[in-house]
Amino acid sequence: MKTMTSRKSLWVLLFIAIFWVSFTVFRNPSKIWVHFKFPVSFSHQNLVTTSSCPTVPLNLPVAPKGTELRVREVLEKLDKQIPPRPFAHLNTTTSATHSTATILNPRDTHCMGEKLDVLLEARDHLGRRKEYGGDFLRARMSSPALKAGASGKVTDFNNGTYLVSFTLFWEGPVSLSILLMHPSEGVSALWRARKQGYDRIIFTGWYVNGTSQVHTECALVLNSSVELCRYLDAQYQETFYCVKPPNVPCAALSHMKSKNKEVSYLRQQERSLFERSNIGVEIMGKSNVISVSKCNKEAVPAKERCKLGKASAIPSGHVWKNTWIPASCSLAPIKMKDCLRGKFIHLMGDSTIRQWMEYFKSSINTLRSVDLHETGKLQHQLAVDLDENINIQWKKHGYPFIGSFVYSVKEMEYIARIIDRTGGEKNTVIVISLGQHFRPFPIDLFIRRALNVHKALQRLLLRSPDTMVVLKTENVREMSSDVERLGDFHGYTQYLALKDIFQDLNVGVIDAWDMTIAYGTNDVHPPQHVVGSQINIFLNYIC
């Protein structure tokens, strides 16, 4: 009997304890946070938000072992292509003026469809032959009157000589161009400098404090001994930090903006290599125009239709009358509205894929923008056509997102998480573009992000194999861009990494890197006809 009584007493005490804790939480939720220091979990982001006072600098979280091995593997491949090069003086670096470019097997008239090879011998500013490769070159052929262009393929023999191959896609006068973007010594300096710091960009977080706002420093890595807010996505090991404002909870972060920090990891002498006059210097000289004719050759066999998963050639195509023509497949004329009928298009990434959203809205007059009660140019966008059941949305990718304008982070998510909560089916289409906002940071950050997206897509295609996925690579940008932060060499290394990571997935690739070189735009936000050509490939992939 005593045992029964004692058990009843225990149950009563336990019930009272549970009731008291529950009453305390509902009456004053902040008390349970203060007493037990439980992390706050936001359902829309699945972020764990915590505050702490670190005694050592906070670094990026350690990714799972398999991910780290893959990151190292991709990095090692890039390191082999970008070996360290000595830099003693500007005179010993590659000179566009002194280097020579010779057309092999020249003729008065070349035949359309043939390959044209140019042998390039790199020399320094004193006219001496270079004994190693690694120069960052950009080859392009064009006929401005025909609004035609294509990239050239560069083969580096790693001994100071290069073979530049052009495919003669069209007839008429064709201009050849080989630009020395950066000498190998500059490439080596940029690669070394990129690995050295996360602080080229300063982020400022805006916290809501009643009716006012508090601004504080934020970063991917913060070397600080003060109390920090840590925004961690534990599943994907993505993290971001802000200095915690006094008497304001970490959960009150609402907006963000950024600016450049006056810091450089280039040595003083190396910076002369990146003056604007030393970037994108022509090597071909004045005798760079050739004549191309049809030569009465047999008709070219018809190419199969472009489709998801089909590997592209190098170059991937050419421009003719401002229209993109792929090299290894054909594009059919497609009515945009008919193609998109019944589909949900998820556009994820940076402002270069937001351009697609604007293009769709301007091309389909029945699309209506839905007010999602956000503000600013970077707000989440949704456009619908209820009669045709067309849904198109654009969401910016997670940190880092750089820009001097203020943008909301309340609904900011990493792309991998959006993919993981997407059901997917035959009428679901995902389009991803990553790169431009990662250029100012060590490339391992970009590689990890790409690997997280890759894994999420693998899971999506396992549960919903009919889902269509399209990957758009980076556009080339202005040559006047800050080379150490945003230059195209950083974009090119990310382009190589992306192709390596996604080569095993059945996805469509829109090679915007090659396309924007062919168009010769040199603009991170290319004009409408270039965006239209990218979207035309996309429509052929999904319809």
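Predicted model: local features only at pLDDT ≥ 70, side-chain atom pairs only at ≥ 80, totals over all residues.
In what order do the strands of the open sheet of 7 strands run? The order is 21-22-23-20-25-26-27, and the pairing within this sheet is mixed.

1. Is strand 10 largely enclosed or largely open? Of the 11 residues of strand 10 (residues 172-182), 9 are buried, so the strand is largely enclosed by the rest of the structure. Burial here refers to a relative accessible area under 20%.

2. The partners of strand 10. Strand 6 (residues 136-143) pairs with strand 10 in the antiparallel sense over 7 bridges, and M141 has L176 in strand 10 as its bridge partner. Strand 17 (289-293) also pairs with strand 10 in the antiparallel sense, here over 4 bridges; the bridge partner of G172 in strand 17 is V292. Strand 16 (residues 281-282) runs antiparallel to strand 10 and is joined to it by 2 bridges. In that pairing, L179 stands opposite E282 of strand 16.

3. The contact of helix 6 with helix 12. Helix 6 (residues 351-363) packs against helix 12 (residues 528-542) at an angle of about 85°, and their axes are 10 Å apart. The two helices are therefore roughly perpendicular to each other, a description that applies to angles from 65 to 115 degrees. On the side of helix 6, the contact involves Q355, W356, Y359, F360 and S362; helix 12 contributes Q528, V531, G532, Q534, I535 and F538.

4. Cis peptide bonds. Most peptide bonds are trans. The bond from I314 to P315, however, is cis, with omega near -5°. P315 is situated in the loop between strand 17 (289-293) and strand 18 (317-320). Another cis peptide bond joins Y399 and P400, with omega at about 5°. P400 belongs to the loop between strand 23 (390-396) and strand 24 (407-408).

5. Positive phi angles. Most residues other than glycine have a negative phi. N105, which is not a glycine, has a positive phi of about 55°. N105 is placed in the loop between strand 3 (94-103) and strand 4 (110-111). With a relative accessibility of 63%, N105 counts as exposed, the cut-off for that class being over 50%. N322 likewise has a positive phi, near 65°. The loop that holds N322 lies between strand 18 and strand 19 (323-326). What is the exposure of N322? N322 is partly exposed, its relative accessible area being 24%.

Definitions and conventions:
Residues numbered from 1 in each chain as written. Heavy atoms only, no water. Buried < 20%, exposed > 50% of the residue type's maximum accessible area, 1.4 Å probe, protein only. Pairing = 2+ DSSP bridges. Axes fitted to C-alpha atoms, helices over the stretch in contact; angles between N-to-C directions. Parallel < 35°, antiparallel > 145°, perpendicular 65-115°, else oblique. Contact = heavy atoms within 4.5 Å.
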